[in-house]
Amino acid sequence: MVISHLIAAPVNLDHPGHYVHWGVIQLSLANLIVIAVMVVIFIAALLLPFPKDRNRR
Amino acid sequence: MTTTEAPRRHQAQATDAQKWTGRVREYDLVKEFVIALAVVAVLTAALAAIFSSPDEKQVTLSTWSRSAPNDFVLTAAAELDGSSGTASYGAPYTHTPDAAQKIGPVSLQHIAGVTHPINTASDFVLGPLTGVPADPALSAALRTWRAATPEQQQQWATAYDDALTKALDNDPTKVEPGNYGPVPVMLDRLLTTAQSGGLDGALLSQKQFFATDYTKPLLFIADGSYLEDQARAQHLGGDQWGMMNETGSYPGQAWLWLYTFWYQVSPFSTSGNADALVWGLMAVLSLALVLVPFIPGIRSIPRWVPVHRLIWRDYYRQGGAG
Amino acid sequence: MTAPTMPHTWTGRVRARALRDLPPDQLLPEHQPVYVASWIYVFGVLTLAAFLVVLGTGGVLALKGPQWWHRSSTGHYFNSLHLWSVELFMAFMVIHLWGKFFMAAWRGKRAMTWITGAVCFLGSIGTAFTGYLIQSNLDSQWISTQAKDGLNAAGIGSFFNVTDFGQMLMWHIALLPFVVGVLIAVHILQVRRRGVVPPMEIDLRDRVPEQMTP
């Protein structure tokens, strides 16, 4: 598999993470990003127009 | 609920169950599936190529005993005198009274019984030492140990454990003189055995050749501070919301947010029964998730929070007739 | 003209029942009700697609055994594929769950669809958990020694022994994928059987009678 040899993790995540503290909540930045992206995708799915039926009878 | 609303709710339920006979639109399910598969495959390949995945090296008894020898010896002393976490755990490993966690008066842990018995002194210390070849000082120490009464053995082991705990950096070379019998020699040999890699194999192969059960070496390692130190450095500790986290800066298990949340708040954060209580609570909440359609109030939230008006806005705009 | 008789063989009866509950043009229809017109509807199939990628990448990892990825960069890449497909799988599934909750998709005799979906969700979490346990690295060591406390407290830690690598490996690559796979199949067949849940009527008086005629 050539790809794995050519691209050796261009974004290196093997270093100590950043953590967001909010009261009792402690979230890793990575998890926060994942959750935020999920919420954005959910909202986008609700708002974006869906293709109309091209074969409308 | 008014009398006019009850029949309307029933009517709605009856209508929702009926086969749709209104207007339809073309919808190619197989094409949608193929596109979804392609999208996911490409996304996965890209994410994997860009970010890769973590692989923090495991801790072995060998690496532990070489990186933190004082912690290793202190832990071994606790295994020998029966004061380690594993030795005083209760079911399923030991018969320690009152060790099991409870939910109210019920202890599921206790009821399950000691089904994976571990005697830390013999399994983690004496057994592996017996397999060490040709060491006159060790052989003499083991003879002295075996010839002594159980009370004498306990007295030596506890005295040495206490002395190590008090010593500067828990360093065996800085222990106060005392009556420890053969224990210092035994634990010193256990240390050198571990450092040479002999202990990892000994704990696994005590029963069979093809060993796949790592319970013993894992419990021994987890009784010490070294593994926890490595884990806490990666923010994996229980009070660090560690259940959700991955090593390094990788995304972890965000879906465990509610499970780990309870450990951060009282009464769970200060309770000795935290694991039992949180497990029980999450079992109830998981059941509630499965049974949402039958829970009054919860099942009505979609009506009160009208996200559905966004989803079906075209349908409603066309008068609901399709 | 005589009415068709019920088959007397087991095979015939199974076939008749299957055809009655899920005729072919309902199993694979070319049309959906007009209200199936939102991007929220694609998250079920995205979850299914991600599940298949998880299975496929897991299958490749199985080819060379559980230690392959530690010593081979190709193996490590497939481990990365497996990890990220799982992250996508869980993300799409949760978004799918959010959408279905706000649609109250259990209406109209669809409670079993919700129930099988929720059990799939919980089963997937359990399957992912066993996956983390068999990484055979520091993460596995910490997770197993921590998780044992929760399971032991619940009285099941000896039966489901998270520090037993061999047992966890078999649960992860054989037992759980099979169970979750069957549940997913039942869940999808339920959707095809009952059809996509219709919109909530804002007010029943809005419903036009003509809608109910073909």
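Modeller: We will go through confidence, chain contacts, domains, helix packing and some backbone details in turn. Residues are numbered from 1 along each chain as its sequence is written, while chains are lettered from A and ligands numbered from 1 in the order in which they are written. This is a predicted model, in which local features need pLDDT of at least 70 and side-chain atom pairs count only at pLDDT 80 or more, whereas totals for chains, interfaces and linings use all residues.

Biologist: What is the mean pLDDT of chain C, and where in chain C does pLDDT stay under 50?

Modeller: pLDDT is the predictor's confidence in each residue, from 0 to 100. Where pLDDT is low, the predicted coordinates should not be read in detail. Chain C has a mean pLDDT of 93, with 92% of its residues reaching 70 or more. Over residues 204-214 of chain C, however, pLDDT stays under 50, and for that stretch the model has 18 contacts beyond four places in sequence; two residues are in contact if their C-beta atoms, placed from the backbone, lie within 7 Å. The model as a whole scores ipTM 0.93 and pTM 0.93.

Biologist: How many residues does the contact between chain C and chain B take from each chain, and which element of chain C gives the most?

Modeller: Chain C contributes 84 residues and chain B contributes 82 residues. The elements here are DSSP runs numbered from the N terminus, with helices (H or I) of at least four residues and strands (E) of at least two. On the side of chain C that touches chain B, β1 (31-33), α3, α5, α6 (111-133), α7 (138-153) and α8 (165-194) each supply at least two residues, and α5(C) gives the most, with 14 residues. By class, that side of chain C has 47 nonpolar, 26 polar and 11 charged residues, where Ala, Val, Leu, Ile, Met, Phe, Trp, Tyr, Cys and Pro count as nonpolar, Asp, Glu, Lys and Arg as charged, and the others, Gly among them, as polar.

Biologist: And how many residues does the contact of chain A with chain B take?

Modeller: That contact takes 21 residues from chain A and 23 residues from chain B. On the side of chain A that touches chain B, β2 (25-28) and α2 each supply at least two residues, and the largest share, six residues, comes from α2(A).

Biologist: How far apart are the C-alpha centres of the two domains in chain C, and in chain B?

Modeller: Domain bounds come from an automatic or database domain assignment. For chain C the assignment gives domain 1 (39-89) and domain 2 (104-194), whose C-alpha centres lie 16 Å apart. Their contact takes eight residues from domain 1 of chain C and seven residues from domain 2 of chain C, and helix α3 (residues 43-63) gives the most to the domain 1 side, with five residues. Chain B is divided into domain 1 (61-233) and domain 2 (291-322), with C-alpha centres 60 Å apart.

Biologist: At what angle do helix α2 of chain A and helix α5 of chain C pack?

Modeller: Two packed helices are described by the angle between their axes and the distance between the axes. Axes are lines fitted to C-alpha atoms, for helices over the stretch in contact, and angles run from 0 to 180 degrees between N-to-C directions. Helix α2 (residues 29-47) of chain A packs against helix α5 (residues 73-102) of chain C at about 45°, with axes 10 Å apart. The two helices are therefore oblique to each other (angles under 35 degrees count as roughly parallel, over 145 as roughly antiparallel, 65 to 115 as roughly perpendicular and the rest as oblique). A:V34, A:M38, A:I41 and A:F42 of α2(A) make the contact with C:A91, C:V94, C:I95 and C:W98 of α5(C), and by class this contact has eight nonpolar, no polar and no charged residues.

Biologist: Which residues meet where α13(B) packs against α14(B), and which peptide bonds in chain B are cis?

Modeller: Helix α13 (residues 257-264) and helix α14 (residues 274-290) of chain B pack at about 140°, with axes 10 Å apart, and are therefore oblique to each other. B:Y259, B:W262 and B:Y263 in α13(B) meet B:A274, B:V278, B:L281 and B:M282 in α14(B). In the loop between α13 and α14 of chain B lies B:P267, which a cis peptide bond with omega of about 5° joins to B:S266. The peptide bond from B:A91 to B:P92 is also cis, with omega near 0°.
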